[in-house]
Amino acid sequence: MGSLPNSWDEEEEQQQQQLDLEDSGRTERAQWLINSPEPPSLWQELVSAVKGSVFSYGRKHSSSAKGRRSMSFLQGLFPILSWGRTYKVSKFKDDLMAGLTLASLSIPQSIGYANLAKLDPQYGLYTSVVPPLIYALMGSSREIAIGPVAVVSMLLSSMIPNMVDPAADPIGYRRLVFTVTFFAGTFQAIFGLFRLGFLVDFLSHAAIVGFMAGAAIVIGLQQLKGLFGMNHFTTKTDVVSVLGSVFKSVQHEWYPLNFVLGCLFLVFLLVARFIGRRNKKLFWFPAIAPLLSVILSTLIVYLTKADKHGVKIVKHIKGGLNPSSLHQLQFKGPHVAEAAKIGLISAVVALTEAIAVGRSFASIKGYHLDGNKEMMAMGFMNLAGSLTSCYVATGSFSRTAVNFSAGCQTAVSNIVMAITVLLSLELFTRLLYYTPIAILASIILSALPGLIDINEAYYIWKVDKLDFLTCIGAFIGVLFASVEIGLITADK
């Protein structure tokens, strides 16, 4: 019985110790709350975001030697340094064939898109040289094909003429295009550096489907100018103004030979596209069809002297390397704020298209695409482009599909394409003097069906009626008002 009081004493002692521990814990928590550490400043958060975007290994090598940290930095900025070490000759053979196939499609499309952007043809070719080379060094997608695209070209040609008329002042218009490209690249690089990718998502998938479909129809209607051989055409993009301009011009000026030539080759291009889809082994046929169209139509016009019978031709295309455009950038004057606004819109639209294209093909190949690094790569390539006479470039879905089908293995296919376009600028631009403008219109028209996704619109209708309203709003806004209205409607 004498052991009972001892056990009680022990229990009381344990309880007392537990109470003391709880008291000390409360005291520590109170002290921690009173003397809590300062939250990281905005500058520290920005620096951390930049480190996360640039350093491919995150904090893993934070305590390693300077040499390894430098290599980590370079590999984060230039992914080619990572995969380039294991690059093999067998891969180069595939990339070479894919790059040459890509160039055969890129050359005629680039000339056509420059015409759509209301620029001289060589600027489309310039845009298929420098941006793809920069992207090959900095981009993380293996399949994406870089260059001018229809939607961005139309966006620039619909918004910049509100400030400067390209017909009255082509030099002033061109300077603003380069300035807008500089701003677009700056915004894209900032989005990537500070991990602001969520800003690109302000356009929902439904809005993109509607916007692209509306833009495709507007672009198609604008090609009627080239298809009919008209000299005078409206600068507005809404369907009512364009159709009104077409009916007005048809009564006074149009040349049947342009229409016949354009329609014949448009049928050829659409048939080639159909054959390529039906037989995957013939993927190369629709890819080279635009170049074949340019060569054949140029020969026809040259041999028949059709240019003297009303057929409109491209005429002189300036050859040679990309000239510097640094001195043409405008950071003073009344249009700078508007140029920055158009640059921001172009940056978001271009990124939305490129990242969507890149991720869709990356998922097929089974690898992850880093959105922030993609934005950095797009930003730096457009910054470099603005200094070398290029306008806003991005990933093209039609050319990326060709690149993928041609069996590309890495971004080296972009390098092969860029070198091929550069050689064409050096050697073959004189041969394109007699290329009919109607053919460029037919090449653009043949690429537009890929922008209209009726099945996806129907799927959106079945899944979410509110999303479908957003889709229709963006579509109607672009079609009957303007590109800006379409984007605003999509954002709502």
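## Close-up views of a predicted model

**View 1. The largest pocket and its lining.** The largest pocket has 33 lining residues; N115, K118, L119, K225 and N231 are the ones nearest its centre. Two or more lining residues come from each of α5, α6 (121-126), α9 (170-193), α11 (224-228) and α19. The space in this pocket amounts to about 1,100 Å³. The model is predicted, and the lining total uses all residues.

**View 2. The whole chain, for orientation.** The chain carries 22 helices and 2 strands. Of its 492 residues, 49% count as buried. Take the contacts between residues at least 6 apart in sequence: 81% of them join residues at least 24 apart. The structure contains 0 disulfides.

**View 3. Helix α14 and its kink.** Helix α14 covers residues 284-304. Its 21 residues should span 30 Å at 1.5 Å a residue, and the end C-alpha atoms are 30 Å apart, so the two values agree. The helix also has a kink of about 35°, centred on P290. P290 is one of the buried residues of α14.

**View 4. T298 within α14.** T298 sits in helix α14. Is T298 buried or exposed? Its relative accessibility is 9%, under the 20% cut-off, so T298 counts as buried. Leaving out residues up to four places away in sequence, T298 touches L431, Y434, T435 and P436.

View 5. K305 follows α14. K305 belongs to the loop between α14 and α15 (336-365). Its phi is near 55°, a positive value in a residue other than glycine. Most residues other than glycine have a negative phi. K305 has 46% relative accessibility, which lies between the 20% and 50% cut-offs, so K305 counts as partly exposed.

View 6. S389 lies in the loop between α16 (371-386) and β2 (394-396). What is the phi of S389? The value is near 65°, positive in a residue other than glycine. S389 has a relative accessible area of 2%, so S389 is buried. C390 is buried too, with a relative accessible area of 0%.

**View 7. C471.** This view shows another cysteine. C471 has 5% relative accessibility and therefore counts as buried.

**View 8. Helix α18 and its packing.** Helix α18 has 16 residues, 412-427. From its first C-alpha to its last, α18 reaches 23 Å, close to the 22 Å expected at 1.5 Å a residue. Which residues of α18 are buried? They are V412, S413, N414, V416, M417, A418, V421, S424 and L425. The buried residues of α18 pack against α4 (80-83), α5, α6, α7 (130-138), β1 (145-147) and α17.

Terms used. Residues are numbered from 1 along each chain as its sequence is written. This is a predicted model: local features need pLDDT of at least 70, side-chain atom pairs count only at pLDDT 80 or more; totals for chains, interfaces and linings use all residues. Side-chain values use heavy atoms; hydrogens and water are left out. A disulfide is a pair of cysteine sulfur atoms within 2.5 Å. Buried means under 20% relative accessible area, exposed over 50%, partly exposed in between (1.4 Å probe, protein chains only). Helices (H or I, at least four residues) and strands (E, at least two) are DSSP runs, numbered from the N terminus. The expected span of a helix is 1.5 Å times one less than its number of residues. The bend at a residue is the angle between axes fitted to the seven residues ending there and the seven starting there. Contact means heavy atoms within 4.5 Å. On a 1 Å grid over the protein atoms alone, a cavity is a set of points where a 1.4 Å probe fits but cannot get out, and a pocket is an open set with protein on both sides within 12 Å along at least five of seven lines; lining residues have an atom within 4 Å of a point. Grid points are joined across faces, edges and corners, and a volume is the space filled by probe spheres set on the points.
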